[in-house]
Amino acid sequence: MTVHSASRRRLRIVAAWSVVALFVFPLYYWITTAFKNARDIFDQPPSVWAFDPTLKNFEEVFGISLGFLRQQEVLPGGGNFYMAPRLWDSIVVAFGSTVLSVTLATLAAYALSRFPFRGRHAFVAWVLSTRMMPPVAVAIPLFFIYKDVGLLDTYAGVILIHAVMNLPLAVLLMKSFFDDVPKEIDESAIIDGASRWLIFRRVVLPMAKGGIAATAVLCFIFSWTEFVFVLTLTQTGLKTVPVVSSSFVTSTGTAWGNMAALGVAAMVPAFVFILLVQKQLVRGLTLGSLKQ
Amino acid sequence: MSRTAAAAAGAGAPSARLPAPLRALLRPLSGEGAFPWLAPLVVMLLIFTIYPLLYNIWLSFHEYAPFRRQLEFVGVVNWVTLWSDTRFWGSLGVTFTYFFVVLTIQLVLGMAIALLLDSDEPGFGLLRALLTLTLVIPPAITGMMFLLMQDPEFGVISYVLQALGVIGENHPILASRSTALLGVMLADIWQWTPFMVLIFLAGLRSLPPEPFEAAMLDGASPVQIFRRITLPLMWKVIAVAVLIRGIDVFRMFDYVFVMTSGGPGTSTYVLSLYAWQQTFSFIKWGYGATISLVSLILILIIANLFIKFARVRW
């Protein structure tokens, strides 16, 4: 019996590590591609472990000269793929839309958590249904609307739609965090003569700090990775990283090394953020409906 | 608790320090009415979801006339065209094939991996953390990764599949009708199976131990335990994960856009991509709007039916 269960245990450990290794491999391959010369990228059979590491791709993409490890002269800022400003665009859009989204959602979520008004369930269902709209079905009319009001190709335009895209997530998630704060606190404060705003600002909000941080991180990531709206609503004024990386496919071939370098630069902040919210991740991914 | 409340009430003074206009803005938020709290959200959602929806409906009854350079009213022409457009029906078929295949594989594989990882072995926390990483990669970049790895000449996945004899020498996975959709599905399955794993794992870990202990004492087999105890207890968790994933699978756009652009032929044309290309590549503004409305209507029907029958609640 014990021998049997010990071998089963070993089998489970091996299987678990193998499965996760399979999921990590594409990531490993992409990250190493960012450090490869064209020669190694086009190797057949593909070079998985053995290649000459280079920083050339990062130097070209970000227009900086990283002295060490350099094998050949690189023109800083040269090449067709100078992408540092695009990283900045991504940061501005993700940050702006997160602030807007979390602010509006926090106010609304407090009301949804505390005031038992008529039609509350219908209201929550409506907010949820906006999460179901295909981005393309919003992006197409929005393109024409933005063209008329001059929001096409502007930070404001992208920030607004990214904020809206994240609102259902933010509202439902913040509601679930406010629901965790006992209502008795509000009630006794009201008896003591505090106004709703004061209770919200001084009592409930500080108690839901962790929830707000988790919501903000998820909003940031979803704006950071969004594709359709940026593709449709911008031209030359701004472009975020996911959209600009797809433009690395040119008629003379694909600049895989540069693209991988940009991709890696785009993943790093997201990886750091997601590891910060591990505890609230499942709640976030399920829009607040499952608590861990 | 009442001490906190008293402290809050005592802290009434600071808001008096705010400038007058701001105080006026906050006054509606002091009472028991929900509306002032919801108003900014409602305004945003009305402007950015309801107005575009109405605009889209209006657009579907118009079409751009390239020679006169203006939108012209065409009545129900776009809706009638849809009916006899074989490419539309084809893309509907591709969308549903993609939807069912990807969702089923992610569900089954996600549950299997979750059961495998549901243990307190040392290092399993690290494995869970590693799985979260795929969720934050921009899907467009995931598409690029799988484009590289499935290249017929130097892609590592192509190389392995060729070595195993699964595909022929130099078979272009993403450029042949028979395998292109599978190649796109692979990217989706890789990126989002961990989504299912993490949610199921959280569900499994929060199950009460008593029913399992009782079943073990009664000598139930692992399969019986899974079917009779785990599945029923996990029902809500599974329903929520399937709903959220299903919505995203149905409206998928990024992978096909960067990996195949709908090709070869029309073998990977999903509704979203077909609508987008009609609008922006072929300047059929009204027709693109019509197709995007169809995908919106379908997803609302499917999701709401699912919510009703699976009794998902927020």
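What radius of gyration does chain A have, and what would a compact globule of 292 residues have? Chain A has 24 Å, whereas a compact globule of that length would have a value near 19 Å; the radius is taken over C-alpha atoms, and the globule rule is 2.2 Å times the number of residues to the power 0.38.

The structure is a predicted model, in which local features need pLDDT of at least 70, side-chain atom pairs count only at pLDDT 80 or more, and totals for chains, interfaces and linings use all residues. Residues are numbered from 1 along each chain as its sequence is written, while chains are lettered from A and ligands numbered from 1 in the order in which they are written. The model scores ipTM 0.89 and pTM 0.90.

Chain A contains 14 helices and two strands; helices (H or I, at least four residues) and strands (E, at least two) are DSSP runs numbered from the N terminus. Along its principal axes, the C-alpha trace of chain A spans about 75 × 75 × 35 Å. Of its 292 residues, 49% are buried, a residue being buried if 20 or more other C-beta atoms lie within 10 Å of its own, exposed if 12 or fewer, and partly exposed in between, with C-beta atoms placed from the backbone. Among the contacts in chain A with a separation of 6 or more, 70% link residues 24 or more positions apart; two residues are in contact if their C-beta atoms, placed from the backbone, lie within 7 Å.

Chain A is divided into domain 1 (2-62) and domain 2 (85-285), with bounds that come from an automatic or database domain assignment. The C-alpha centres of these two domains of chain A lie 32 Å apart. Where they meet, 11 residues of domain 1 of chain A are in contact with eight residues of domain 2 of chain A. On the domain 1 side, α1, α2 (38-41) and α3 (56-62) of chain A each supply at least two residues, and α3(A) gives the most, with four. By class, that side has seven nonpolar, two polar and two charged residues; Ala, Val, Leu, Ile, Met, Phe, Trp, Tyr, Cys and Pro count as nonpolar, Asp, Glu, Lys and Arg as charged, and the others, Gly among them, as polar.

The contact between the chains takes 93 residues from chain A and 86 residues from chain B. Helix α1 (residues 2-33) of chain A provides the largest share of the chain A side, 14 residues. That side of chain A has 71 nonpolar, 15 polar and seven charged residues.

Chain B has 15 helices and two strands. Its radius of gyration is 26 Å, well over the 20 Å that the globule rule gives for 314 residues, so chain B is more spread out than a compact globule. Of the 314 residues of chain B, 40% count as buried. Helix α10 (residues 210-217) of chain B lies largely in the open because zero of its eight residues are buried. After α10(B) comes B:G219, with a positive phi near 75°.

Strands β1 (residues 62-65) and β2 (residues 70-73) of chain B run antiparallel and are joined by four bridges; two strands pair if DSSP finds at least two bridges between them. B:H62 has B:F73 in β2(B) as its bridge partner. The two strands of chain B form a hairpin with four residues between them, and B:R69 in the turn has a positive phi of about 55°.

The mean for chain B is 90, and 95% of its residues reach 70 or more. Over residues 1-14 of chain B, however, pLDDT stays under 50.

How values were computed. pLDDT = per-residue confidence, 0-100.
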